[in-house]
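The entries follow in the order in which I made them.

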Amino acid sequence: MTCREFEQRLDAGAPLSDEAARHVDSCAACRELEEIARVSQSVAPPTSDALDMLDMLDMLTRDVMARTTGSVCEAAGDRIIDMVDGVLDGFERDLVVSHLKGCPSCDATAAALGWMRSELSSMAAIDPGEEFTAAVLRATRPMQAVQHAEPHEPWWLRLWERPRFTWEAAYVGAMVLWLLFGAAFSPFRDVPGRALEIARSSPVQPASMGREIWQATGGALMEKTRTSTPGLNRLKEVGEASSSLASHGTQALGSAIRGDLSGSAVRLKDMGGDLKRIYDGLTRRETQPATKPQEA
Amino acid sequence: MEIAELLQRCRRGDQLAWEALVRQYQSRVYGLAWHYMRNQEEARDVAQEAFVRIYTKLSSFKESEAFLPWLLRLTHNVCIDHIRRAKARPPASDLPVGEGPELPDSGMSPEGHAMASSRQRLLYRALDRLSAPYREMILLKDIQGLQLEEIASMLDLPLGTVKSRSNRARLELARAVTRMGGAAS
């Protein structure tokens with residue numbers, strides 16, 4: 001046996017074999033080493049003083065830690081939590097268990113962390129008593145008249161299902177008729193009067209009277225529509241230019257945010273063109289076509 | 001009872017569905033309010049106000065998100081609003097802690113029932129000794145069971161801060177419990 005083999009056996013705590021004993025007899029260095037190992041083992045005797053000895057060793061560990069890296073209790077906190085949560089395994093877990101064995105304070109903390117989990121989660125709900133529900137319902141009852149909008153139902157269906165819909169539709173229809181034929185600014189204001197006049201003046205011949213009314217009022221309608229067309233076209237142009245202005249504004253802003261300044265400049269130029277179209281549309285005066293004499 | 005169906009009916013104005021929803025979640029809402037207020041009457045008022053706010057905001061709840069965190073977030077906001085409004089007087093959580101637990105006595109039946117076990121009494125006493133941010137963290141994560149991401153969003157804090165604060169709060173609470181009465185087995 002070589003000295004190295006003897007040291008390995010000693011390190012493994014293996015009993016002294018005959019071969020090892022012969023080596024010890026022949027090697028002074030290994031004999032000395034074997035003597036030291038025997039003495040160190042006898043420091044912790046299996047007697048009634050063992051508990052005191054363990055305390056003393058714990059104290060020694062704490063003293064060494066205090067003079068080297070400092071207390072590990074603070075550093076162990078997170079890993080103790082991970083162990084309690086069951087997310088620590090393998091070597092890390094062994095380290096924590098080893099610390100807990102020598103640190104009663106952290107051991108008690110770990111135990112408390114363990115039972116706290118279930119206790120804390122059971123503290124989430126507290127019954128407020130039966131009268132609480134009634135109080136909440138009383139408080140929200142006035143608001144229940146205003147029903148919450150159904151997010152997936154189309155708006156026109158909700159409008160259609162409203163009980164007041166027929167009355168509202170009739171009201172809107174009457175307003176449209178008044179705006180077309182009754183308002184002072186309406187181009188068709190004289191159409192009903194003409195129709196009534198023709199009906200009164202003509203003899204009772206329903207077929208020819210209908211034709212005459214159509215020739216008079218329908219012709220008037222066609223003429224009014226024709227003379228109004230340039231104005232309507234102008235409004236349409238203004239509307240299109242406004243829409244284009246908004247679109248170009250959004251694009252200019254988007255380009256500026258992206259840092260594309262040249263793109264933003266192009267859009268700003270487009271916006272200038274839109275503004276000009278709006279201005280032209282609002283200020284242009286149409287030349288009214290010569291009105292043909294109307295037949296009564 | 002399926003929560004999606006319940007919510008849909010509530011949005012249509014079904015009063016029975018709304019009552020069922022209130023009954024299903026009132027203990028959680030009241031529990032959260034009680035932990036903030038530490039006063040039966042105030043907690044009841046705040047919980048009621050929270051339900052009124054929940055009712056008015058039901059249409060804004062997105063079905064893709066979880067209902068309980070949304071509900072607790074609204075309740076939390078109502079509690080914070082209430083505490084801010086009542087700033088003239090010190091909030092219950094800042095009152096000095098006496099020898100006995102700062103809990104309603106046996107005459108206050110709902111809370112007394114909830115805190116029957118000695119461990120819970122010990123926990124309530126230990127909670128009173130924690131700082132307000134730690135207590136809030138225990139309340140939201142360990143008591144109400146919210147996820148760290150939800151708490152970060154609710155308190156407008158970085159996720160890392162919430163995680164480290166949560167761990168520290170648990171450790172502090174465990175150490176306080178150990179100091180005050182051991183494991184209370």
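**Salt bridges.** I began with the charged pairs and found 16 salt bridges over all chains, counting a side-chain nitrogen of Lys or Arg within 4 Å of a carboxyl oxygen of Asp or Glu. I looked up B:Arg11 and B:Glu63, whose side chains meet in a salt bridge at 3.1 Å, N to O. B:Arg11 is in helix α1 (residues 3-11) of chain B and B:Glu63 in the loop between α3 (40-56) and α4 of chain B, so the pair ties together parts 52 residues apart in sequence. Helices (H or I, at least four residues) and strands (E, at least two) are DSSP runs, numbered from the N terminus.

I noted that B:Arg11 is buried at 1% relative accessibility, while B:Glu63 is partly exposed at 47%. Buried means under 20% relative accessible area, exposed over 50%, and partly exposed in between, with a 1.4 Å probe and protein chains only.

I then took B:Asp142 and B:Arg170, a salt bridge with its closest N and O atoms 3.9 Å apart. B:Asp142 sits in helix α7 (residues 132-143) of chain B and B:Arg170 in helix α9 (residues 159-181) of chain B, 28 residues apart. Both B:Asp142 and B:Arg170 are buried. I also found these two linked with A:Asp85 and A:Arg117 in a network of salt bridges.

**Ground rules.** I number residues from 1 along each chain as its sequence is written, and chains are lettered from A and ligands numbered from 1 in the order in which they are written. This is a predicted model, where local features need pLDDT of at least 70, side-chain atom pairs count only at pLDDT 80 or more, and totals for chains, interfaces and linings use all residues; side-chain values use heavy atoms, with hydrogens and water left out.

**Aromatic rings.** I found nine aromatic pairs over all chains. Rings of Phe, Tyr and Trp (its six-membered ring) pair if their centres lie within 6.5 Å; planes under 30 degrees apart count as stacked, over 60 as edge-to-face and the rest as tilted. B:Phe61 and B:Phe67 pair edge-to-face, 5.4 Å centre to centre with 90° between the planes. Both of these residues, B:Phe61 and B:Phe67, are buried. I also noted a cluster in which ring pairs link A:Phe132, B:Trp18, B:Tyr30, B:Phe51 and B:Tyr55.

**B:Tyr25.** I looked up B:Tyr25 in helix α2 (residues 15-37) of chain B. B:Tyr25 is buried, with a relative accessible area of 12%. Leaving aside neighbours within four places in sequence, its contacts (heavy atoms within 4.5 Å) are B:Ile3, B:Phe51, B:Phe67, B:Leu68 and B:Leu71.

**Chain A.** I counted 13 helices and zero strands in chain A. Of its 296 residues, 22% count as buried.

**Confidence.** How high is the average pLDDT of chain A? It is 76, and 73% of the residues score at least 70; pLDDT is the predictor's confidence in each residue, from 0 to 100. Over residues 288-296 of chain A the pLDDT is below 50, and beyond near neighbours in sequence this stretch has seven contacts in the model. Where pLDDT is low, the predicted coordinates should not be read in detail.
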